[in-house]
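Please read the numbered points with the sequence and the model at hand.

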Amino acid sequence: MGSQDGVEEMTRREGITKTKFISLTGPGMAITRRDVFRRWVDRSFWILALFVLLLVADVKSSADSQLCEPCGPQGPPGPRGPPGLLGLAGPPGVTGPRSIPGVPGAVEKCPCLPQSAFSVKLSGPLPGPSQPIVFQEVLYNHQGHLDLATGVFTCSVHGVYHFGFDIELFQHAMKLGLMKNGTQVLEKEAQAKDNYRHVSGNVILQLTMGDRVWLESKLDTAESEKGLIESMFFGYLLYGNYTG
């Protein structure tokens, strides 16, 4: 066998089976089946014997290593390892019970802001020039800062104020001046012949205690008495306690 190639030929003679291997490179050689079997048994025996020896050696080596390992005292803990990665956020927890209400806080009353306002009305002719207009109808003057007898507003609260007037004319001429302490700060002039005309004026003033504001006509009495006229004068504090 080995490098030989053969063709197996089976023949049966007198009830006995024989196998012949005919060499392709030389004269044929006849080998009985008993010889083949004997050679196979010999090889199998040596293979089995080698396997048993290797298995026994491995078991003995494992047992010796377990017997020879000394079992000493436990060593100290090693250094702490680096922290791991941050884990995922967990689901929100269950809502806790409602706590007891706290003690009510102290109620502090806010100081009242200073107030100053007025609104007056006049239906009819205007008085003579260079004198305050006295209004007949009071729409608002709760603080009494406008003197109804003289038509003059006197400042009682330091601050910034808004003053204004509205005039409705018909067949009438007018010229008005808004005065502060005798000085004109705003002037309006208009004339209405055969129709109605509306005139208005507004101004922002900074006042201190005792300052006086009023509205006066700049036309003579004869001119002021012509036609119909309706006038309204008002003012109010925007913000107080001005110290600038």
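This is a predicted model: local features need pLDDT of at least 70, side-chain atom pairs count only at pLDDT 80 or more; totals for chains, interfaces and linings use all residues.

1. Phenylalanine 233 is buried, with a relative accessible area of 0%; buried means under 20% relative accessible area, exposed over 50%, and partly exposed in between (1.4 Å probe, protein chains only). Phenylalanine 118 is likewise buried, at a relative accessible area of 3%.

2. Residues are numbered from 1 along each chain as its sequence is written, and side-chain values use heavy atoms, with hydrogens and water left out.

3. The secondary structure comprises 2 helices and 10 strands. Helices (H or I, at least four residues) and strands (E, at least two) are DSSP runs, numbered from the N terminus. Along the sequence their order is β-β-α-β-β-β-β-β-β-β-α-β. Of the 244 residues of the protein, 24% count as buried. The exposed surface comes to about 18,600 Å², of which carbon and sulfur atoms supply 58%; accessible areas come from the Shrake-Rupley method with a 1.4 Å probe, and for residues only the protein chains shown count as cover.

4. Which residues touch the most other members of the largest nonpolar core? They are Phe153, Phe163 and Phe233, in a core of 30 residues. A nonpolar core is a set of buried Ala, Val, Leu, Ile, Met, Phe, Trp, Tyr and Cys residues joined through side-chain atoms within 4.5 Å. At least two residues of this core come from each of strand 3 (117–123), strand 7, strand 8 (183–207), strand 9 and strand 10 (228–240). Strand 7 gives the largest share, 8 residues.

5. The aromatic pairs number 8. Rings of Phe, Tyr and Trp (its six-membered ring) pair if their centres lie within 6.5 Å; planes under 30 degrees apart count as stacked, over 60 as edge-to-face and the rest as tilted. Phenylalanine 118 and phenylalanine 163 form a tilted pair, with 6.2 Å from centre to centre and 45° between the planes. Phenylalanine 118 lies in strand 3 and phenylalanine 163 in strand 7, so the pair ties together parts that are 45 residues apart in sequence. Both phenylalanine 118 and phenylalanine 163 are buried.

6. Why is the pair of phenylalanine 118 and phenylalanine 233 described as edge-to-face? The ring centres are 5.1 Å apart and the planes stand at 65°, so the pair falls in that class. This pair also links distant parts of the chain, since phenylalanine 118 is in strand 3 and phenylalanine 233 in strand 10, 115 residues apart. Ring pairs join Phe118, Phe135, Phe153, Tyr161, Phe163 and Phe233 into a cluster.

7. In strand 8, its bridge partner is valine 203.

8. Strand 7 (residues 159–180) and strand 8 pair in the antiparallel sense over 21 bridges; two strands pair if DSSP finds at least two bridges between them. The two strands form a hairpin with 2 residues between them, and asparagine 181 in the turn has a positive phi of about 55°.

9. Is strand 9 (residues 212–217) largely enclosed or open? Of its 6 residues, 5 are buried, so strand 9 is largely enclosed by the rest of the structure. It runs antiparallel to strand 7, to which 5 bridges join it, and glycine 177 stands opposite glutamate 216. Strand 6 (residues 152–154) is also antiparallel to strand 9, through 2 bridges; there phenylalanine 153 has valine 213 as its bridge partner.

10. Asparagine 141 sits in the loop between strand 4 (137–140) and strand 5 (146–147) and is buried, with a relative accessible area of 16%. Its contacts beyond four places in sequence are Ala117, Phe118, Leu146 and Leu148.

11. Lysine 121 belongs to strand 3. Among the residues in contact with lysine 121, leaving aside neighbours within four places in sequence, are Phe135, Glu137, Glu230 and Met232.

Key:
Contact means heavy atoms within 4.5 Å.
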